[in-house]
Amino acid sequence: MASVTEEQVREALSAVNDPEIKRPITELGMVDAVTINPSTGSGSAESVTVRLLLTVAGCPLKDTLNRDITAAVKGIAPEADVVVDMGVMTDEQRKSMRDQLRGSHSDREIPFAKPGSLTKVYAIASGKGGVGKSSVTVNLALAMAQRGLKVGVIDADIYGHSIPDMLGVGDRRPTQVEDMIMPVPVPNATGTDIQVMSVGMLKPRKDQVVAWRGPMLDRALVQMLSDVFWGDLDALLLDLPPGTGDMAISLGQHLPNAEVLVVTTPQQAAASVAERAGTMASMMHQRVVGIVENMSYLVTPTGDRMEIFGSGGAATVAKTLSHRFGYDVPVLGQVPLDEKLRVGGDTGEPIVVSDPDTEAAKVLQGVADQLSGRSRGLAGMQLGLSPAGR
Ligand SMILES: Nc1ncnc2c1ncn2[C@@H]1O[C@H](COP(=O)(O)OP(=O)(O)OP(=O)(O)O)[C@@H](O)[C@H]1O
């Protein structure tokens, strides 16, 4: 006699989520069949075979699914041999799953722009390149996930889409189910994956150089916002290209409720261009939530503090923007120069994960605390009125 029933196995499998879609595999129609062959005695073990239908052949996460399914079945039948027999959904099955997740309508809509959306959207902007915008984005995303938030990241930096590499998923391509794209999950130590989509993942080849003008950039942004199945996110972080170009305008048009975080260095020349990025956001009716100063200082081996890029840049931007907009635009943190931060980005393990006790990581965690503590929801949404006096 078998030690478990099919019903019990299905119940156990309902705790296994598809790693990309984040829903139970049983709900998604991925468990095609469960077969239990009882032990025939003389030392042979009972066997449980789970026939699993992957959304696409060559699904990059089939090993994860195999491991999670085996663990779930072993949890109720420790002695059983577990076999996960993988097949692939038919077109019809895929379409029905897509309809289940998205509804059968074919309209493209941006879930984060809907009036009732509870996802906080933060666009990370800078006046000029190389100030550490992408480094700030990945570290904030991971720090927010460590605080239990469900976080998505869009790498919209057409010129330097470095986010996937910084998160260690540089070569991953997103899975596509019909017209729906699955963001790439980035596992992290706390067990809360963050979800990533990059403009680089929309190119046929990673190394391809793209020369996209406004309409193409707009299409890419809309695709990443509306064709990607983001599920229910607490926060979505967008890494924008530096400056006040087409992507910033498109974002303002499609997501006026996004709030903007401006990254600058302490240098006065950088600060004045950062001000422009903030002003641009406000012209698009977006609120500037604060300034992060990066590369603020370097602590030398002798413990001295060197202000390599000068000082006061973020304070200047904060003061000017607060005055201009009539609300408080605070400096949320000053991140020091730290080789470990650069190494963390290069090796795909950002500093809040690799070296959480460094000062740079602590400052970034502090910024994440300030953003994570803000309530999800309608507060802070813009009313679409033009600020006066500009
Ligand atoms: N505080 C820091 N300490 C040391 N290195 C840093 C720091 N901040 C950023 N870097 C390094 O500086 C380089 C540029 O950073 P990053 O790519 O994050 O900037 P960016 O503003 O996103 O640039 P881009 O304009 O290309 O988008 C990277 O090599 C990064 O590792």
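When I say that two parts pack or are in contact, I mean heavy atoms within 4.5 Å. Keep that in mind. One more thing before we start: this is a predicted model.

Let's begin with helix 9. Its buried residues pack against four elements: strand 11 (259-264), helix 8 (268-283), strand 12 (287-294) and strand 15 (331-335). Which residues are buried in helix 9? They are Gly 313, Ala 314, Val 317, Ala 318, Leu 321, Ser 322 and Phe 325. These residues cover an arc of only 150° around the axis, so they sit on the same side of helix 9. Look at the other side of helix 9. There, Lys 319 and His 323 are exposed.

How far apart are the end C-alpha atoms of helix 9? Helix 9 has 13 residues, 313-325. At 1.5 Å a residue, it should span 18 Å. Its end C-alpha atoms are 18 Å apart, which agrees. After helix 9 comes Gly 326, with a positive phi, near 80°.

A word on pairing. Strands of a sheet pair through backbone hydrogen bonds, either parallel or antiparallel. Take strand 4 (residues 120-126) and strand 10 (residues 235-239). They run parallel, joined by five bridges. Ala 123 stands opposite Leu 238 in strand 10.

Next, two single residues. Val 260 is in strand 11. Is Val 260 buried or exposed? Its relative accessible area is 2%, so Val 260 is buried. Leaving aside neighbours within four places in sequence, the contacts of Val 260 include Ala 123, Ala 125, Ala 281 and Val 288.

Thr 137 counts as buried because its relative accessibility is 0%. What does Thr 137 touch, not counting residues up to four places away in sequence? The list is Ile 124, Val 153, Ile 163, Leu 237 and Asp 239.

That's the tour.

Notes: Residues numbered from 1 in each chain as written. Predicted model: local features only at pLDDT ≥ 70, side-chain atom pairs only at ≥ 80, totals over all residues. Heavy atoms only, no water. Helix = DSSP H or I, 4+ residues; strand = E, 2+ residues; numbered from the N terminus. Expected span 1.5 Å × (residues − 1). Buried < 20%, exposed > 50% of the residue type's maximum accessible area, 1.4 Å probe, protein only. Arc of directions from axis to C-beta. Pairing = 2+ DSSP bridges.
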